[in-house]
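Dear colleague,

My notes on what was found in it follow directly after.

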Amino acid sequence: MASVLQKCSVLCRSLPASAAVKAFSRSAAPCSLHTRDFHSGAAAYSQQLATVGASSKYGGRYTVTMIPGDGIGPELMGHVKDIFRYAGVPVDFEEVQITSQEGDEEAIENAITAIKRNGVALKGNFFHPPMPELLSRNMTVRVRLDLFANVLRCKTFPGLPSRHGDIDIVIIRENTEGEYTSLEHENVPGVVESLKIITAKSSERIARYAFEYAQRHGRKKVTAVHKANIMKMGDGLFLECCRKMSEEFPDIEYESMIIDNCSMQMVSRPQQFDVMVMPNLYGNIISNIGAGLVGGPGLVPGENIGEEYAVFETATRNTGKSIAGQNVANPTAMLLASALMLEHLGLDKYASLIENAVYKALAENKIRTPDLGGQHSTVDMVQTVVKEVEAQAAKM
Amino acid sequence: MAAGVYRSLSQGLRRITPFGSRLYSDEARTVTLIPGDGIGPEISAAVQEIFAAASAPIKWETSDVTAIKGPGGKYIIPQEAQESMNKNKIGLKGPLKTPVGKGHPSMNLLLRKTFQLYANVRPCKSIEGFKTPYPDVDLVTIRENTEGEYSGIEHMIVDGVVQSIKLITEPASRRVAEFAFDFARAQGRDTVTAVHKANIMRMSDGLFLKCCREVAEDYKDIRFEEMYLDTVCLNMVQDPTQFDVLVMPNLYGDILSDLCAGLIGGLGVTPSGNIGADGVAIFESVHGTAPDIAGKDLANPTALLLSAVMMLRHLGLHDHARRIETAAFETIKEGTALTGDLGGKAKCSDFTREVSKKVQEIE
């Protein structure tokens, strides 16, 4: 044990330039199901969250479901597997593919069963099926597994130029209801009604998650984003749940902001935000603004957390259809997502290993794929990360 | 009303385009002016002063739109104001305050309903001299203004479950799409992008998108693109120069237009116009009434001034519009007469005087 600790500290010391990024990666830890800090007054479900260690472990190795998805998903998953192999990560992937063809219900069932069995998954994004009746497969996974919170952390990447500096925002988005219920009907030809559902249960749950996240990670402020001046009942209910929850966490500052003002503030002064919580659609908008502010869709990882399961993917959920198979996609987001997954499983040292290698590739080696304005290929980035991972893993 | 060009012979010297009247005579055009509340009166006065200095052929007819209780108990806009607006067709409006009181509707909502203002237009152009992290913005957001998520239809189905209804209709979507393409054509812009979330809201945004596609067929000279809302947001904050004219339903429009306003410096410098049925158009500043600085000669008239410039363009008075806009931008660029919100110490009257001086010097 002592020698492992010693090796870890050697690891930390050997990356002086990345000390800052190591701090970043540490505090980027998601709501890990292995964290055992209970606070007084926590509801029963949060106790559940902390104790359920839903992950398959056998012989010291974990099994994680891998769903490559469409577009750039498959190639990025291949790179994740390579890097895990070089790093010696004790994780085996159970690969389940769902095609976006209609009538593939059995495959979806298999995938969901596999995720339930393993508890944790790494996922690419699916194209949306052309038929209006089919619920998107991405949404199916989220709703069926009740992954109620979508969490992404938008933090300025060291060494990567951007218009705004010092950004460190955690966006917590309700992931199962709101405008994404796909309940629509055309009563009269040419007149379509689309239903947005807000429930007290989901709003309270996501609000509690947000405040507990803030408390657990030492964050100071939670901002609730809404449009309750127009949608008085729907967003009004959401806002009320957030406000009531804020009373249970008096040491965390609480404020609310209307979505249009929030968008304006995000592009003029994003440094003012800390943790943000919001319903589904606004979350979509703010996530994309946040990801764009720190460098784009290729960089930010995201996680979908439920009471029992966790699925990791890129934050902005792009399929990258136009660049699929061309070796130009930025693997950063998927690699960082896999690192978040390792932290979730408790494999912190492997998580840090991969994260630090990725940050180093961006900051020091200055690998820039086309989305960052450069000419490097996906493989360039992966090979740089692999070299660093090999070098550091040898010291472990 | 974006129904194409038609000549009205009985009108003699007037040729009515989708964008208001083109004046061939020297007659001044009467416009309804609604000063508004708070800083409204002083910034309206500033605009009038600058217009006089520019010799713009505009006659102002001041009106008060504070809602009164009409017959039947519902709040309505006063009769004289409605008549003035319907006669003049064109209006310029300062910020309005909604009085606090049960049942009193939002003033903006009331105006929108009364004159059927179906399209909200916000040109966002970076202002030289007012530095933001986004220096090259030049886009226009066109937002459907009557339906969508703002229908106000909500129910609590059971305790703790609320359903809000988003309404999308074919006529409204078609109308705003036609306006967007006409606008692009008239203003010499080359691309219209429809912003939607038809991957999630298949039928409602799908209908909106279908209408946009159909209208695009009639405007082959304008390039038509479609983009998901999240992709637009993602790309907007990385590179806003890739966008030209954006058309979208109500909620996305609300958010995106404010996002774009944030790119160029905020609501204090953003112009806005609302297009209604029967050729009515009301141009307005979208900031608040700022009661804390009202009456102290500290307000920034830029937003209202740029909206008035938009109004001049709508009327076909491009030369006057250019001169006034250039004078305003040059004054801001010089930086000696900036009001507090732009980082300076000058008074509203100083700024106005400076712009008036410049506009007379520009050819």
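Accessible areas here come from the Shrake-Rupley method with a 1.4 Å probe, and for residues only the protein chains shown count as cover. On that basis chain B has an accessible surface of about 14,600 Å², with 51% belonging to carbon and sulfur atoms. For chain A the accessible surface is about 14,700 Å², and carbon and sulfur atoms hold 53% of it.

Please note that this is a predicted model, in which local features need pLDDT of at least 70, side-chain atom pairs count only at pLDDT 80 or more, and totals for chains, interfaces and linings use all residues. Residues are numbered from 1 along each chain as its sequence is written, chains are lettered from A and ligands numbered from 1 in the order in which they are written, and side-chain values use heavy atoms, with hydrogens and water left out.

The two chains

Chain A contains 13 helices and 13 strands, and chain B contains 10 helices and 17 strands; helices (H or I, at least four residues) and strands (E, at least two) are DSSP runs, numbered from the N terminus. Of the 396 residues of chain A, 60% are buried, and of the 363 residues of chain B, 58% are. Buried means under 20% relative accessible area, exposed over 50%, and partly exposed in between (1.4 Å probe, protein chains only).

Along the principal axes, the C-alpha atoms of chain B fill a box of roughly 60 × 50 × 50 Å.

The interface

The contact (heavy atoms within 4.5 Å) takes 52 residues from chain A and 47 residues from chain B. Together the chains bury about 4,200 Å², 65% of it on carbon and sulfur atoms; this is the accessible area (1.4 Å probe) that two parts lose on being put together, summed over both. On the chain B side, Arg202(B), Met203(B) and Leu234(B) lose the most area to chain A, together 16% of what that side buries.

His164(A)

His164(A) lies in the loop between strand S5 (149-155) and strand S6 (168-174) of chain A. This residue is buried, with a relative accessible area of 4%. Beyond its neighbours within four places in sequence, the contacts of His164(A) include Val267(A), Leu293(A), Pro133(B) and Tyr134(B). The C-alpha atoms of His164(A) and Leu293(A) are separated by 7.0 Å, although the two are 129 residues apart along the chain.

Yours sincerely
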